[in-house]
Amino acid sequence: MKISYSIRSYRAQTGNADEKAFQAQLEESDLWIVCLKNTPADLPEQVLRYLGDLRASLKGWMNIDPQFGPSLTPLPQRPEAPEIAQRMLRAGAAMRVGPMAAVAGAVAQAVCERFAQYSSEFVVENGGDIFMRSTRERRVALLPDPSSGSAIGLKFRADMFPLAVCSSSSTIGHSLSFGKGELVTVVGKDAALADAAATRYCNLLQGPKDIEKILEMARKNPMVTGVFAQCGEQMGLWGDMELVAL
């Protein structure tokens with residue numbers, strides 16, 4: 001296993017003076033982690049080993065349940081499944097999507113929970129899906145068009161953490177989407193749920209007129225604390241967060 005230090009361009013903006021950042025990449029998993037500088041020197045290697053364990057447990061479960069990987073609809077709960085698979089199953093069932101819609105968020109939260117003991121500031125970004133533990137204000141860029149550079153973002157107060165910020169897009173990245181919107185970002189306490197919700201809401205975003213419908217759905221979901229949606233030139237925002245220029 002190898003750690004790569006080549007970065008996505010937007011990642012160059014992360015971190016404060018007392019923080020460091022590193023990439024842990026294994027097969028399809030590409031994590032960018034921000035933490036305090038006084039963490040163990042071998043933390044990147046520890047993260048990569050744990051990421052390998054998570055991936056192995058998911059692959060093992062897919063061999064037991066062949067529907068787990070390809071299913072686009074919810075699957076029954078399986079108490080014998082590994083914990084990360086159970087989180088994904090619960091999130092998929094709650095948002096009426098397949099369990100793999102929650103994989104990036106679930107992995108981000110699992111890694112953060114495993115290693116946050118080493119740092120009061122611990123941010124894990126997994127392909128645009130983020131889970132954070134922090135004692136300070138944080139800003140998360142919104143990238144409906146990464147090639148143009150981020151211009152806006154969401155600001156979160158220090159008292160709001162831990163927190164998940166997960167996104168889905170029909171125009172960015174390799175993930176499957178049935179929608180037509182540039183971006184849906186969901187905020188909540190559970191990253192698997194936020195990831196699945198972003199997928200669900202983005203699938204429903206067929207045009208600008210659907211933004212208000214998505215915001216209303218989010219308001220009724222007790223697991224969602226905020227949502228941002230963009231389709232064309234129209235944007236919508238709801239929740240306990242602030243839209244800011246970057």
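**Exercise 1.** Find what share of the contacts with a separation of 6 or more comes from residues 24 or more positions apart.

*Solution.* In this predicted model, such residues account for 53% of those contacts in the chain. Of its 246 residues, 52% count as buried.

**Exercise 2.** Check whether the end-to-end distance of helix H4 (residues 191-204) agrees with its number of residues.

*Solution.* Step one: H4 has 14 residues.

**Exercise 3.** Work out how far H4 is enclosed by the rest of the structure, and find what caps its N-terminal end.

*Solution.* Start with the cut-off: buried means under 20% relative accessible area. By that rule 12 of the 14 residues of H4 are buried, so the helix is largely enclosed. Among them are Leu193, Asp195, Arg200 and Tyr201. Now look at the N-terminal end, where Asp190 is the cap. One of its side-chain oxygens lies 3.1 Å from the backbone nitrogen of Ala192.

**Exercise 4.** Decide whether Leu243 counts as buried, partly exposed or exposed, and name the patch it belongs to.

*Solution.* First locate Leu243: this residue sits in strand E11 (residues 242-245). Its relative accessibility is 35%, so Leu243 counts as partly exposed. Together with Met235 and Leu237, Leu243 forms a nonpolar surface patch with about 230 Å² of accessible area.

Note on methods: Residues are numbered from 1 along each chain as its sequence is written. This is a predicted model: local features need pLDDT of at least 70, side-chain atom pairs count only at pLDDT 80 or more; totals for chains, interfaces and linings use all residues. Side-chain values use heavy atoms; hydrogens and water are left out. Helices (H or I, at least four residues) and strands (E, at least two) are DSSP runs, numbered from the N terminus. The expected span of a helix is 1.5 Å times one less than its number of residues. Buried means under 20% relative accessible area, exposed over 50%, partly exposed in between (1.4 Å probe, protein chains only). A polar contact is a pair of N or O atoms within 3.5 Å; within protein, one must be able to donate a hydrogen and the other to accept it, and residues adjacent in sequence count only if both atoms are side-chain atoms. Contact means heavy atoms within 4.5 Å. Patches are made of residues with over 30% relative accessible area and no salt bridge: like charges are joined within 9 Å, nonpolar side chains (Val, Leu, Ile, Met, Phe, Trp, Tyr) within 5 Å. Accessible areas come from the Shrake-Rupley method with a 1.4 Å probe; for residues, only the protein chains shown count as cover. A salt bridge is a side-chain nitrogen of Lys or Arg within 4 Å of a carboxyl oxygen of Asp or Glu.
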